[in-house]
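Me: I would like to go through the labels attached to this model one at a time. For each, please set the value against its definition and then conclude.

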Amino acid sequence: MENNKKSTLERTMAILEYLAEHGTASASELIESSGIAKSTAYLLLKEMLQLGLISQNDRGHYRLWVRLIALGERASAQLDIRETSRPHLEALMERIGLLCHFGIFDGDTAYYILKIESQSSISVRSYVGKRLSLYRSGLGKCLLAWQPESVREGIIAETEFKKVTPTTITSPEALTEELAHIRKQGWGFDNGEDEPSVRCVAAPVFDARGKIAGAISVVGTSMQVTDDAVPALADEVVACAREISQDLGWVEP
C-alpha cells in the first residue's frame, strides 16, 4: 500500500533512484519497488516523460533521460568551479582581509555559490545561495556585462528598477552605460547601490571557451572600501579572477 505521507518529490526520487540502479524498468516494476499507488505512479511517469527526466524504449520500459544529464552537468560544473576558485579566494581574503564571493549567472538570475568569510571585526551579512540584483550589485552587474548582447538587452528591458539607496541605478539607459563601462575597464563596482554602507568590487571569470563562467567579488563597508582603496582592490580582484580563469582552461587573448 502506498505511504500517503510521501511527498510528490519523494515518490519521483524513488522512481529515479530505481532507474539509476537498474537501468530500465517497466511500470509494474516501478510501482512494486516504490510502493506508489498505480494511479499516482502513472501520473508521475507521464509528467516525468514530459519534463524529459525519463524516456521509454521500444519495449515501453522506462529509463533516465537527457534532462537529468543536463542538470548533472551543470551541477558538476558549478561544483568544479567552487573547488577551483576556493584556494584563490582564500588567498585573496588573506591578502585584503575582506569577505570574498564567487557568483554565477543562471537564466536571468545571479547568486552566490561560494563565500569566504573574512576575519575582520567588521562583517557584512551574506550567504551561499543568495540571489543578487543584476543592476544593484557589483557581482550581478559584472555577470550581466559579459552576457551576449541579446541576453543583456532582454534582461534590461524586463528589469523593474527600484531606487533602494541614493546611488541605485534607476533606468535602462544608465544600466546600459554602466555595463559598457564595466566591460571596458574589466571590473565592476557597487557603490552602495544595494545597501547604503556596503561596497563591492567584482571581476569576471572565463572558461576554456572564453565564455563567462562566473564572477568573484570582494565586499566591505564604506569604511573598508574607500575611494582611495578601490583601484588597488580592483587590481587584486582582476588578478585573482584571471588566475581562476586560467585554472579553468582560459587562455588570455
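Predicted model: local features only at pLDDT ≥ 70, side-chain atom pairs only at ≥ 80, totals over all residues.

Me: What makes L68 partly exposed?

Reply: The relative accessibility of L68 is 26%, and therefore L68 counts as partly exposed. L68 lies in helix α4, and, leaving aside residues up to four places away in sequence, it touches L16, G52 and L53, a contact meaning heavy atoms within 4.5 Å. L68 and L16 are separated by 52 residues in sequence and by 9.7 Å between their C-alpha atoms.

Me: Why does E83 count as partly exposed, and how is L43 classed?

Reply: E83, also found in helix α4, has 47% relative accessibility and so counts as partly exposed; its C-alpha is 9.1 Å from that of L114, which is 31 residues away in sequence. L43, in helix α3 (residues 38-51), reaches 56% and therefore counts as exposed. Between L43 and K115 there are 72 residues in sequence and 41 Å in space, C-alpha to C-alpha.

Me: Why are α5 and α7 called roughly perpendicular?

Reply: Helix α5 (residues 138-145) and helix α7 (residues 172-185) pack at an angle of about 80°, their axes being 9 Å apart. Axes here are lines fitted to C-alpha atoms, for helices over the stretch in contact, with angles from 0 to 180 degrees between N-to-C directions; under 35 degrees counts as roughly parallel, over 145 as roughly antiparallel, 65 to 115 as roughly perpendicular and the rest as oblique. The pair is therefore roughly perpendicular. K141, C142, L144 and A145 of α5 make the contact with L175, E178, L179, I182 and R183 of α7.

Me: What makes α5 largely enclosed by the rest of the structure?

Reply: Of its 8 residues, 8 are buried, so α5 is largely enclosed by the rest of the structure. These are G138, L139, G140, K141, C142, L143, L144 and A145.

Me: How do you know that the buried residues of α7 line one face?

Reply: The buried residues of α7 are L175, E178, L179 and I182. Seen down the axis of α7, they fall within an arc of 100°, so they line one face of the helix; the arc is that of the directions from the helix axis to the C-beta atoms. They pack against α5, α6 (149-158) and β7 (188-191), whereas E173, E177 and K184 are exposed on the other side. After α7 comes G186, with a positive phi near 90°.

Me: How do you know that the span of α8 agrees with expectation?

Reply: Helix α8 (residues 230-247) has 18 residues and should span 26 Å, and its end C-alpha atoms are 26 Å apart, so the two values agree; the expected span is 1.5 Å times one less than the number of residues. Its buried residues are V230, L233, A234, V237, C240, A241, I244 and S245. Viewed along the axis of α8, these lie within an arc of 140°, so they line one face of the helix. The face turned away from the buried side carries the exposed D235 and D247, and just after α8, G249 takes a positive phi of about 100°.

Key
Residues numbered from 1 in each chain as written. Heavy atoms only, no water. Helix = DSSP H or I, 4+ residues; strand = E, 2+ residues; numbered from the N terminus. Buried < 20%, exposed > 50% of the residue type's maximum accessible area, 1.4 Å probe, protein only.
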